[in-house]
Amino acid sequence: MIDFRLTLGLNVPVVYIHGPFLDGFIYAVEDAAGRLRKDRRLETANQVDARLISGGTKEFDVRESNLGFGDVSLEGMYQILEETHWVPAISLRAAVKFPTGKLEDLHGSGRFDGAFGVAIQKIWGLWSVATGGGVTIPGNPFKTSTLEPDLITYGHFAVDRLITSRWAVGAQMKVVGGL
């Protein structure tokens, strides 16, 4: 017998790192305020410039636009409370992120991560609204022992238009931060 309370998904991110598009705006605002940073004058406009150097160890140094696949994650959700007319469905979520992207090009961390959380969903006709949150336990991608990532908290809000009882199209807003 198939249990439809379990949902599995595979997240395969495509990552595109590109030059900044706000350089002109930032320059104009700082210049108009008479507070153009000296280091900004030395930078090349509209160019990627992302570096992390700790204690003389270069963790990453990306200076060109690039495109590639990020860290792939396997995600699962199990419904623990069924939706009723008045009560939303409540599900527990878990995920494992695999080190398929590389830190050197900012496409991933190159380490395994684990995550768990909760999701709350209510369906009205052909529309579904969901919210939830959780915590990610990141693997440490850094070469130096002085850098260590914190736990990462996240929250999300989603609205979906149901196409069938099992397929939907929607939009999601996700907020991520460290502890």
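## Basis of the model

Because the model is predicted, local features are given only where pLDDT is at least 70 and side-chain atom pairs only at pLDDT 80 or more, whereas totals for chains, interfaces and linings use all residues. Residues are numbered from 1 along each chain as its sequence is written, and side-chain values rest on heavy atoms, with hydrogens and water left out.

## Overall fold

The chain holds 2 helices and 11 strands, these being DSSP runs numbered from the N terminus (helices H or I, at least four residues; strands E, at least two). In sequence order the elements follow the pattern β-β-α-α-β-β-β-β-β-β-β-β-β. Of the 179 residues, 26% count as buried, where buried means under 20% relative accessible area, exposed over 50% and partly exposed in between, with a 1.4 Å probe and protein chains only.

Among contacts (heavy atoms within 4.5 Å) between residues at least 6 apart in sequence, 53% join residues at least 24 apart. Alanine 119, in strand 8 (residues 113-124), is buried at a relative accessible area of 7%. Its C-alpha atom is separated by 5.8 Å from that of isoleucine 90, 29 residues apart along the chain. Leaving aside residues up to four places away in sequence, alanine 119 touches Met77, Ala89, Ile90, Ser91, Arg93, Thr131 and Gly132.

## Salt bridges

The chain has 3 salt bridges, each defined as a side-chain nitrogen of Lys or Arg within 4 Å of a carboxyl oxygen of Asp or Glu. Aspartate 71 and lysine 97 meet at 2.6 Å, N to O; aspartate 71 lies in the loop between strand 5 (66-69) and strand 6 and lysine 97 in strand 7, so this pair ties together parts that are 26 residues apart in sequence. Lysine 97 also meets aspartate 113, at 3.3 Å from N to O, and because lysine 97 lies in strand 7 and aspartate 113 in strand 8, this bridge ties together parts that are 16 residues apart in sequence. Lysine 97 is buried at 15% relative accessibility, as is aspartate 113 at 14%. Through shared partners, Asp71, Lys97 and Asp113 are joined into one network.

Lysine 122 bridges to glutamate 83, with the closest N and O atoms 3.1 Å apart; lysine 122 lies in strand 8 and glutamate 83 in the loop between strand 6 and strand 7, so the pair ties together parts that are 39 residues apart in sequence. Lysine 122 is buried at 11% relative accessibility, whereas glutamate 83 is partly exposed at 25%.

## Aromatic rings

Lysine 174 lies over the face of tyrosine 154, at 5.0 Å from the ring centre; the rule asks for NZ of Lys or CZ of Arg within 6 Å of the ring centre and within 35 degrees of the ring normal.

## Surface

The accessible surface comes to about 12500 Å², of which 62% belongs to carbon and sulfur atoms, as computed by the Shrake-Rupley method with a 1.4 Å probe, only the protein chains shown counting as cover for residues. A nonpolar patch of about 970 Å² includes Leu6, Tyr78, Trp86, Val87 and Ile120. Patches are made of residues with over 30% relative accessible area and no salt bridge, like charges being joined within 9 Å and nonpolar side chains (Val, Leu, Ile, Met, Phe, Trp, Tyr) within 5 Å. The largest share of the patch, 3 residues, comes from strand 6. Valine 87, in the loop between strand 6 and strand 7, is partly exposed at 35% relative accessibility.
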